[in-house]
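Reader: Could you take me through how the helices pack in this model, with the cut-offs spelled out?

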Amino acid sequence: MFSNVSRSRLLPMSLPFRFFGAATGFQIAAWALLLAHSKEVLSFEAGLGPVFASLHLLTLGVLAMVAIGATLQLLPVATRQPVRALWAVKLAWWLLVPGVAAFTAAAASYRPDLMGPGAMAVTLALAVYAVLLFLNLRNARGMRVVVMHGWAALACLVALAATGIALVARYEHGLALDHAAFRSAHVALAAYGFMGLLAVGLSQFLLPMLALAPPPPPRTAMATLSAAAVAIVLASFGLTDVASLLGLAAAAIHVYSMERSLKARLRSPLGSSFLLVRVSWACLLASLALAALGFPGGTLLFGLVLVPGWLLTFLLGVMQRILPFLASVHASTAARGMPLISAMTPARLLGVHAALHVTAVVLLMVSTLTNLPWLVRAGAAAGLAAAAAFALFYGYVLAKVRTYGNACPPSQPAPA
Amino acid sequence: MEMPVRQVSRRLHEEHEATLALWSRVEASLAAGKIDAALMRSAAVSLAAEIERHFAFEEKELFPRLAAAGEGDIAELLAEEHVAIRAAGERFIALAKADPADQRLKPLGLELAERLVSHVQKEEMSLLPALDDLLDEGADHELASAYAAL
């Protein structure tokens, strides 16, 4: 379908980094919007408005944006297949960025009539990405576990787009459908399906690689994937109780196998990125436990544990590591040599970022239990500060690529 | 890291594991503020052999095959890392030979540990899986024999 195949599995730096840059900006916008409308958070149920827009700035603007940028760079390593068309990657970015901006701006200003064009651009961007993912997985060799997670995530992406279009059609044209059922399916397919399965699949090779650890046993990973896939299908059809229990079992096995793998690692310092990854795993388990228990604390608490807690925290933890790694690769030239990853890693800033982000997530969760609006404000402010710290980190990495890192040798070991 | 299929990939993988184990010890020791003279000497000897044999084999036999298979920029990247590791490695080896308790070994050792770990990660992700795809049994046997003879 696409010509102009990339020769190598290593993409030009501008391709993945444009997705990471856009996600950095959308993350700031999401937290700023939440802070500006913090009074509306505790009464949020599902309708349009700033809280809905903030949620979609995170899910589409940050999570999907990074998922596309990161998988197009990392999956070719696992599948031994280059990305099929670099122009299609650029097209996906050019559709997704204005699409997310238009969709969330319309939603924030309660204008369902204007959400359609943004939703359409986002859908087209995801369709282009889905084709790229399909072409990459179709000829994949090696790392069967990662490839199978990729196929399952792709199937969820297709179903996710279908439910998303149906929901937008309901808002815009009054399409008659069971809103609650479609919304539940949309959430399960997005958070546990598309994003969750990509995260779990790539974890199987990425985290052991970063920590110099053996990968989890493939049989365990495949069993976990099978259970998770069945759970997602059941959740999509409204069988929440059984789905959440099965999903919880799958997630527990995944976390246990990853922890066993990390325990056997050769490098001891794991750094703030792995702290975030572990917090995200706790949130993944907590979200499924909440669902299994019938959502005590309400669906708002569940949503906070799920989106900023599990998915955003995991993604930020991984980004803390792969941004300097990819930047060091791209900063290398024959004349200047390869810069050290530690020279591209502002360890203190990343520590501050991790602390602020975890504080934001905890404050928001506590606010839903205590019903205290000032805690929402404090949580959103901490989230905004964390997003600003992450933007500084992104700028730092880009500046280091331009100036070729730091010639000084390290005084301390680099974290894994 | 996945176990490679081909003989030559497996051999390189085993050497990578030994390198990671040794340099993780070096890194931990230096980070604790110790300059363990015996460990520094052992690291220097191992590094000299690695540069002499492992690097030379990859540059002569494997990187050209990678480049011919359309992975030229990865081959180039790995070769650039060899240059940086050689430069730091030669200074480390000279210092460790002269005085294995020399304090200047700490920054050099930490730099080498980081460079070697990062290099092994990239070869495990890109070079070895590519070799598994590129080599047939005959070429694999030939390369494995040539490597064993070095």
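Reader: Which residues in H6(A) meet residues in H8(A)?

Author: This is a predicted model, in which local features need pLDDT of at least 70, side-chain atom pairs count only at pLDDT 80 or more, and totals for chains, interfaces and linings use all residues. Residues are numbered from 1 along each chain as its sequence is written, while chains are lettered from A and ligands numbered from 1 in the order in which they are written. Helices are DSSP runs of H or I with at least four residues, numbered from the N terminus, and two residues are in contact if their C-beta atoms, placed from the backbone, lie within 7 Å. On the H8(A) side stand A:Gly247, A:His254, A:Met258, A:Ser261 and A:Leu262, and they are met from H6(A) by A:Tyr192, A:Val200, A:Ser203, A:Leu207, A:Pro208 and A:Ala211.

Reader: How many charged residues does the contact of H6(A) with H8(A) have?

Author: Ala, Val, Leu, Ile, Met, Phe, Trp, Tyr, Cys and Pro count as nonpolar, Asp, Glu, Lys and Arg as charged, and the others, Gly among them, as polar. By these classes the contact of H6(A) with H8(A) has seven nonpolar and four polar residues, and the number of charged ones is no residue at all: none.

Reader: At roughly what angle do the axes of helix H2 and helix H3 of chain B cross?

Author: Axes are lines fitted to C-alpha atoms, for helices over the stretch in contact, with angles running from 0 to 180 degrees between N-to-C directions. The axes of H2 (residues 37–68) and H3 (residues 72–98) of chain B come within 10 Å, and they cross at roughly 160°.

Reader: Is H2(B) roughly parallel or roughly antiparallel to H3(B)?

Author: Angles under 35 degrees count as roughly parallel, over 145 as roughly antiparallel, 65 to 115 as roughly perpendicular and the rest as oblique. Because of its crossing angle, H2(B) is, relative to H3(B), roughly antiparallel.

Reader: How many residues of chain B are in contact with chain A?

Author: Chain A contributes 30 residues to this contact, and by class its side has 17 nonpolar, eight polar and five charged residues. The residues of chain B in contact with them number 32.

Definitions and conventions. Helix = DSSP H or I, 4+ residues; strand = E, 2+ residues; numbered from the N terminus.
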